[in-house]
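Please look over the model shown below before reading on. The explanation takes its sheets, its ring pairs and its pocket in turn.

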Amino acid sequence: NNIGYILTTKQYIYATKDGGISWKGNVDLAFNNAFAAFGNNAWVDLSTDVSSTKNGGDTWERSMIDTIKKPNFSGSIWGLYMSSPTKGQLLKGNRLYYINGSFAPEDIIPEFESIYSSAIYKIYGFWKMSNIDEFNLIIYGFVEYKDGQHKIIIAHKKDGIFNEYEANIPI
(Lines give C-alpha, C1' and ligand atoms only; values in the text may rest on other atoms or scores of the structure.)
Protein backbone atom coordinates (compact mmCIF):
# COMPACT_ATOMS: atom_id res chain seq x y z
CA ASN A 1 0.00 0.00 0.00
CA ASN A 2 1.23 3.49 -0.82
CA ILE A 3 -0.46 5.42 1.98
CA GLY A 4 1.54 7.67 4.28
CA TYR A 5 1.00 10.51 6.74
CA ILE A 6 3.13 13.42 7.97
CA LEU A 7 2.28 15.46 11.07
CA THR A 8 3.96 18.86 11.25
CA THR A 9 4.65 21.17 14.16
CA LYS A 10 2.14 23.65 12.72
CA GLN A 11 -0.79 21.26 13.38
CA TYR A 12 -1.06 20.11 9.77
CA ILE A 13 -1.60 16.53 8.69
CA TYR A 14 -0.56 15.64 5.18
CA ALA A 15 -1.57 12.35 3.56
CA THR A 16 -0.40 10.61 0.42
CA LYS A 17 -2.05 7.71 -1.37
CA ASP A 18 0.49 7.38 -4.18
CA GLY A 19 3.73 6.72 -2.31
CA GLY A 20 4.62 10.38 -1.79
CA ILE A 21 4.23 11.79 -5.30
CA SER A 22 1.35 14.02 -4.20
CA TRP A 23 0.21 15.14 -0.75
CA LYS A 24 -3.06 16.52 0.58
CA GLY A 25 -3.10 18.64 3.73
CA ASN A 26 -5.79 19.03 6.36
CA VAL A 27 -5.50 22.13 8.52
CA ASP A 28 -8.64 21.64 10.61
CA LEU A 29 -7.03 19.43 13.24
CA ALA A 30 -5.38 20.94 16.32
CA PHE A 31 -3.72 17.70 17.35
CA ASN A 32 -1.56 16.97 20.35
CA ASN A 33 1.12 14.26 20.19
CA ALA A 34 -0.27 10.81 19.40
CA PHE A 35 -1.00 9.30 16.01
CA ALA A 36 -1.68 5.79 14.72
CA ALA A 37 -2.36 4.48 11.23
CA PHE A 38 -3.46 1.22 9.67
CA GLY A 39 -3.66 1.64 5.90
CA ASN A 40 -6.44 4.09 4.95
CA ASN A 41 -7.48 4.31 8.61
CA ALA A 42 -5.80 6.66 11.09
CA TRP A 43 -6.42 8.13 14.53
CA VAL A 44 -4.99 11.42 15.76
CA ASP A 45 -5.04 12.74 19.32
CA LEU A 46 -6.85 16.04 19.90
CA SER A 47 -5.64 16.26 23.53
CA THR A 48 -8.78 14.81 25.19
CA ASP A 49 -10.50 13.48 22.05
CA VAL A 50 -9.62 11.50 18.92
CA SER A 51 -10.27 12.30 15.29
CA SER A 52 -10.27 9.44 12.79
CA THR A 53 -10.21 8.87 9.06
CA LYS A 54 -11.30 5.81 7.11
CA ASN A 55 -10.29 7.14 3.69
CA GLY A 56 -6.63 8.07 3.84
CA GLY A 57 -7.17 11.55 5.26
CA ASP A 58 -9.78 12.85 2.81
CA THR A 59 -12.18 13.42 5.71
CA TRP A 60 -11.75 13.31 9.48
CA GLU A 61 -14.42 12.65 12.11
CA ARG A 62 -14.26 13.57 15.78
CA SER A 63 -14.97 10.62 18.09
CA MET A 64 -16.50 12.67 20.93
CA ILE A 65 -14.79 10.53 23.60
CA ASP A 66 -14.21 13.72 25.58
CA THR A 67 -17.97 13.64 26.33
CA ILE A 68 -17.94 10.06 27.69
CA LYS A 69 -18.85 9.81 31.35
CA LYS A 70 -16.95 6.71 32.51
CA PRO A 71 -15.30 6.23 35.91
CA ASN A 72 -11.72 7.53 35.84
CA PHE A 73 -11.94 8.37 32.13
CA SER A 74 -10.27 11.74 32.19
CA GLY A 75 -7.02 13.40 31.29
CA SER A 76 -5.07 13.92 28.12
CA ILE A 77 -4.43 11.28 25.50
CA TRP A 78 -0.76 10.30 25.39
CA GLY A 79 -0.70 7.31 23.07
CA LEU A 80 -2.57 5.58 20.26
CA TYR A 81 -1.99 2.25 18.54
CA MET A 82 -4.03 0.52 15.82
CA SER A 83 -3.97 -3.28 15.49
CA SER A 84 -6.63 -3.28 12.75
CA PRO A 85 -8.75 -0.64 10.96
CA THR A 86 -11.13 -0.41 13.95
CA LYS A 87 -9.23 -1.81 16.95
CA GLY A 88 -6.29 -0.73 19.01
CA GLN A 89 -5.21 0.96 22.22
CA LEU A 90 -5.55 4.42 23.74
CA LEU A 91 -3.35 5.75 26.56
CA LYS A 92 -5.27 8.32 28.60
CA GLY A 93 -4.09 9.69 31.93
CA ASN A 94 -2.66 6.74 33.86
CA ARG A 95 -4.77 4.10 32.11
CA LEU A 96 -4.53 2.04 28.95
CA TYR A 97 -7.78 1.24 27.15
CA TYR A 98 -8.52 -1.31 24.44
CA ILE A 99 -10.60 0.07 21.55
CA ASN A 100 -12.83 -2.77 20.38
CA GLY A 101 -14.32 -1.61 17.08
CA SER A 102 -15.38 1.99 17.76
CA PHE A 103 -15.08 4.92 20.16
CA ALA A 104 -18.51 4.21 21.64
CA PRO A 105 -18.39 3.97 25.46
CA GLU A 106 -19.11 0.22 25.45
CA ASP A 107 -16.16 -0.39 23.07
CA ILE A 108 -13.59 1.48 25.20
CA ILE A 109 -12.46 -1.24 27.60
CA PRO A 110 -10.06 -0.61 30.51
CA GLU A 111 -6.97 -2.76 29.97
CA PHE A 112 -4.40 -1.53 32.50
CA GLU A 113 -4.25 1.01 35.33
CA SER A 114 -1.01 2.18 36.88
CA ILE A 115 -0.27 1.19 40.46
CA TYR A 116 0.88 4.82 40.81
CA SER A 117 -2.70 6.09 40.89
CA SER A 118 -3.39 6.47 44.57
CA ALA A 119 -3.52 9.41 46.95
CA ILE A 120 0.11 8.99 48.10
CA TYR A 121 1.34 10.57 44.88
CA LYS A 122 1.22 14.27 44.09
CA ILE A 123 1.52 13.97 40.30
CA TYR A 124 1.37 10.83 38.22
CA GLY A 125 0.59 9.72 34.75
CA PHE A 126 1.82 8.14 31.59
CA TRP A 127 3.27 10.25 28.79
CA LYS A 128 4.43 7.98 25.97
CA MET A 129 3.61 4.57 24.55
CA SER A 130 5.58 2.43 22.12
CA ASN A 131 4.00 -0.71 20.67
CA ILE A 132 5.37 -3.66 18.79
CA ASP A 133 1.82 -5.01 18.71
CA GLU A 134 -1.15 -4.96 21.10
CA PHE A 135 0.45 -7.68 23.27
CA ASN A 136 3.94 -6.17 23.53
CA LEU A 137 4.48 -2.54 24.48
CA ILE A 138 6.20 -0.13 26.81
CA ILE A 139 4.59 2.86 28.52
CA TYR A 140 6.68 5.60 30.11
CA GLY A 141 5.49 7.97 32.79
CA PHE A 142 6.38 10.11 35.77
CA VAL A 143 5.44 10.20 39.40
CA GLU A 144 6.08 12.81 42.07
CA TYR A 145 5.74 11.64 45.65
CA LYS A 146 4.24 14.02 48.19
CA ASP A 147 7.71 14.35 49.78
CA GLY A 148 8.98 15.84 46.51
CA GLN A 149 10.84 12.81 45.10
CA HIS A 150 10.49 12.31 41.35
CA LYS A 151 10.57 8.90 39.68
CA ILE A 152 10.20 7.63 36.14
CA ILE A 153 7.74 4.77 35.88
CA ILE A 154 7.64 2.10 33.21
CA ALA A 155 4.79 -0.28 32.40
CA HIS A 156 5.91 -3.12 30.20
CA LYS A 157 3.55 -5.57 28.51
CA LYS A 158 5.23 -8.70 27.16
CA ASP A 159 3.21 -11.51 25.62
CA GLY A 160 0.07 -9.93 27.10
CA ILE A 161 1.35 -9.71 30.71
CA PHE A 162 1.94 -6.33 32.38
CA ASN A 163 4.73 -5.42 34.80
CA GLU A 164 5.18 -1.94 36.23
CA TYR A 165 8.14 -0.50 38.08
CA GLU A 166 10.14 2.60 38.91
CA ALA A 167 13.08 3.00 36.56
CA ASN A 168 16.42 3.61 38.20
CA ILE A 169 17.08 6.65 36.01
CA PRO A 170 18.09 10.02 37.46
CA ILE A 171 15.74 12.89 36.73
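What follows goes from strands to rings to open space.

The model is predicted, so local features need pLDDT of at least 70 and side-chain atom pairs count only at pLDDT 80 or more, while totals for chains, interfaces and linings use all residues. Residues are numbered from 1 along each chain as its sequence is written, and side-chain values use heavy atoms, with hydrogens and water left out.

Strands of a sheet pair through backbone hydrogen bonds, either parallel or antiparallel. Here strands are DSSP runs of E with at least two residues, numbered from the N terminus, and two strands pair if DSSP finds at least two bridges between them.

Which way do the residues of strand 6 (residues 50-53) point? Val-50 and Ser-52 point one way, Ser-51 and Thr-53 the other way, and all are buried. Buried means under 20% relative accessible area, exposed over 50%, and partly exposed in between, with a 1.4 Å probe and protein chains only.

Another open sheet, also of four strands, runs in the order 8-9-10-11 with antiparallel pairing. Strand 8 (77-82) and strand 11 (108-113) are at its edges with a single partner strand each, so one side of each has no neighbour in the sheet. From one strand to the next the twist averages 20°, where axes are lines fitted to C-alpha atoms and angles run from 0 to 180 degrees between N-to-C directions. Strand 8 and strand 9 (residues 87-92) run antiparallel and are joined by five bridges, and Leu-80 faces Leu-90 of strand 9.

The aromatic side chains come next. Rings of Phe, Tyr and Trp (its six-membered ring) pair if their centres lie within 6.5 Å; planes under 30 degrees apart count as stacked, over 60 as edge-to-face and the rest as tilted. The whole structure holds six aromatic pairs. In one of them, the ring centres of Trp-43 and Phe-103 are 5.0 Å apart and the planes are at 65°, so the pair is edge-to-face. This pair links distant parts of the chain, 60 residues apart: Trp-43 is in strand 5 (residues 41-45), and Phe-103 is in the loop between strand 10 (95-100) and strand 11. Trp-43 counts as buried because its relative accessibility is 4%, and Phe-103 counts as buried at 13%. Elsewhere, ring pairs link Phe-112, Phe-126 and Phe-162 into a cluster.

Trp-43 and Phe-103 return in the largest pocket: together with Ser-52, Lys-54 and Glu-61, they lie nearest its centre among 20 lining residues. The elements giving two or more residues to this lining are strand 5, strand 6 and strand 7, and strand 5 has the largest share, three residues.

Conventions:
On a 1 Å grid over the protein atoms alone, a cavity is a set of points where a 1.4 Å probe fits but cannot get out, and a pocket is an open set with protein on both sides within 12 Å along at least five of seven lines; lining residues have an atom within 4 Å of a point.
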